[in-house]
Amino acid sequence: MKFNSSILKKSVISISVALGLVSNSLWADAAKSTQLDKSEYQVPASASKNISPDEKLRRVGQLNTSILMQLHYEHPLFDNKLSRESFKQMIKMFDRNKSYFLASDVEQFKIFEQKFDDAIRTGKIELAYDFFELYERRYRERNLFALRLLEKPFNFDKDEEFRFDRRESEWFKNSEEQDAYWSKKIKYDALNLKLADQSNEEIKEKLTKRYRSNIRRMAQTNSEDVFGFFMNAINASIDPHTTYYTPRQFEDFNINMSLKLQGIGAVLTQEDEFTKVVRIVNKGPAQKSGQLHKDDKIIGVGQGDKGDIVDVIGWRNGDVVDLIRGEAGSIVRLQVIPHTSGGDATAKVVRLVREEIKLEDQAAKADMLEIEQGGKNLKYGVIELPSFYAETPSGSGNNVELTSTTKDVKRLIGQLEKEGMQGLIIDLRNNGGGSLSEAVDMTGLFIDKGPVVQGKDFEGNVRVLRDNDGKIFYQGPLAVMVNSGSASASEIFAGAIQDYGRGIVIGENTFGKGTVQTIRELGRLVRSEDDLGALKFTVEKFYRVTGESTQLEGVKPDISFPSFYNLDEYGEASYDNALNWDTIATTNFASNEAIASYLPYLAKSHSERAKQDKQFSNLLEDVARVKEERNKKSISLNYKQRLADRLQSEEETLARANARRVAQNKKPFKDLEAYEEYVKDQDEVNRNNKGINFENDFLLFETANILQDLIKVKSDPELAKVGAKKANTIN
């Protein structure tokens, strides 16, 4: 193993010798295999042999450091504390599941633990390349080991378990422990293909391609890539939203604000050898299909309805994105391991029609929801808002009416009022945010005037964003629906409505992102002709008018619905080094205190309905099942057991779908195939529907019921007293 830094050579020479022996042994064994005969398969040269940091990258590191120290919200100190956390993030970045490095590797590399800060400040960043060299060597060893094992038949009749989640495990003490783990991992990969009805020959062929592809793609790593790993390990030690983009990454980023939104409407990342869904974009093809979700893992991509599905396990994220992208109207098929499956990696194929995600697709839309309560037919307006958007002027000078969230919502409210709505529901589920000014302006439609949100910048200056028009456009009953995907600007709007007592917030706890980032293109910053990439970093935190931050804690709804996720496993709080929750001084604002007194009555009425509603009990069962699956760390490698588990899972899926149908007084599905056909049809309805599809959205119907309860208790305040007494008795 070659080390670029002469200063560090002596300290780690023992690693080099040991690794050389291991590598030579593996290569000798590999050469004996017919699959790896040199005439048939040439192992590509290591990337590490040909890459090293150049002067440009040294300057980029120093420039990043200077910007972060001066302009980042936290003004981070590049000291030993930051270095230790950067070391931890670097290890996690390369080997999150603790399957490549040995305990001795991590121990030996601890000589770097307090050198990250010095390396980035001085430009002596060779240690990053030393890290990568060891990782690449271990990675190649494991994939060569996997290729050798494919020469032997697998026994799927043994009762043994594979621990697929090693994040909390100890590092392997020696190669024997590691070999035992990898023997099971490769068997696990093979069993998943067998469960997908692949023959032994097909399994061997597909896995051979996969492991060879892993080696080849790792060999394509370049110097900028390695520097990006290093820089982002440092950035991740500061906060999760501070990111360095290499020139290639920034070019992709500029395609459409986020490179992964184009085509299917999903934000993707790379985690270990998998491409994982980070976020589903509202009103994109993935969201409309209802078949792709956060934390799903994409393991294959096929073009059209008949194209072969290409195995993408181990591929670089950008290469997977390139496969998924395509012309609007064309079809892409994704082979996906669902996020709910735990370790039971029974894959499904999701068929999506690519779309160009246009402004109008993200625009607000409205529809009238009718419910029956107390023998009365009631009409509630629903406005579905995928994001807070604002069209920017083109500079043409024409008096063109620019599209904005506030204008659209105002127009839609007017239409709904003409149709006789008795209350309004603003649906912000999965609204990831957008324009801050639009969140403020839209709040102004529901209050007369006053502060909406506060912001504190990296210099400690506090600004207050206000609504000053002194007018209330809509004064009627209001409910705001949120879930764990409601973030940023959504949290500002929902928090303001809650703080002013202007309406009720219903659903799940929101995401908890209370920070704002900016992006600086580094080449422009220093007037360099070189393409230096870009830096995104945190510059401000948001606070509610009460002075409480939305960071980490988000907005807690007044009436809560069951959630599949806890804050610490889904939201901002799940990220390493997320900025802390804190408070600043409250602002002067006029809150309607009455609504707080109504909440016990609303909660009691909702609880009584939920107990009688089979759909709520089904949801609670689903939540418990999914959480149980996610908590699993290991899985059986016995074919009969896994097949039985899969059949049971399919039966449960059909049973849950039919329970929902029966609760809606609809005919149950004949079999799983009929249910899957129905899901496909609903995908088509969602894509072509100009209004809002209320089908199967019983939580929206319950929100309308809660809004009717609010109207009722407002007209008869004595109900609130009775509700409070009963709530106290129950407690």
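Start by colouring the protein by pLDDT, the predictor's confidence in each residue, from 0 to 100: the average is 85, and 87% of the residues score at least 70. Now select residues 1-39, where the pLDDT is below 50; beyond near neighbours in sequence, this stretch has 68 contacts (heavy atoms within 4.5 Å) in the model. Residues 256-261 also fall below 50, with 17 such contacts. Where pLDDT is low, the predicted coordinates should not be read in detail.

This is a predicted model, so local features here need pLDDT of at least 70 and side-chain atom pairs count only at 80 or more, while totals for chains, interfaces and linings use all residues. Residues are numbered from 1 along each chain as its sequence is written, and side-chain values use heavy atoms, leaving out hydrogens and water.

Next, select helix α16, residues 489-499. Helices (H or I, at least four residues) and strands (E, at least two) are DSSP runs, numbered from the N terminus. Is α16 buried or exposed? Because 11 of its 11 residues are buried, α16 is largely enclosed by the rest of the structure; buried means under 20% relative accessible area, exposed over 50%, and partly exposed in between (1.4 Å probe, protein chains only). Show its surroundings: the buried residues pack against elements including α15 (436-443), β12 (450-457) and β17 (534-543). Just after the helix, Gly501 takes a positive phi of about 65°.

Finally, go to Glu459, in the loop between β12 and β13 (462-467). Glu459 is exposed, at 58% relative accessible area. Val539 is 80 residues away from Glu459 in sequence, yet their C-alpha atoms are 9.1 Å apart.
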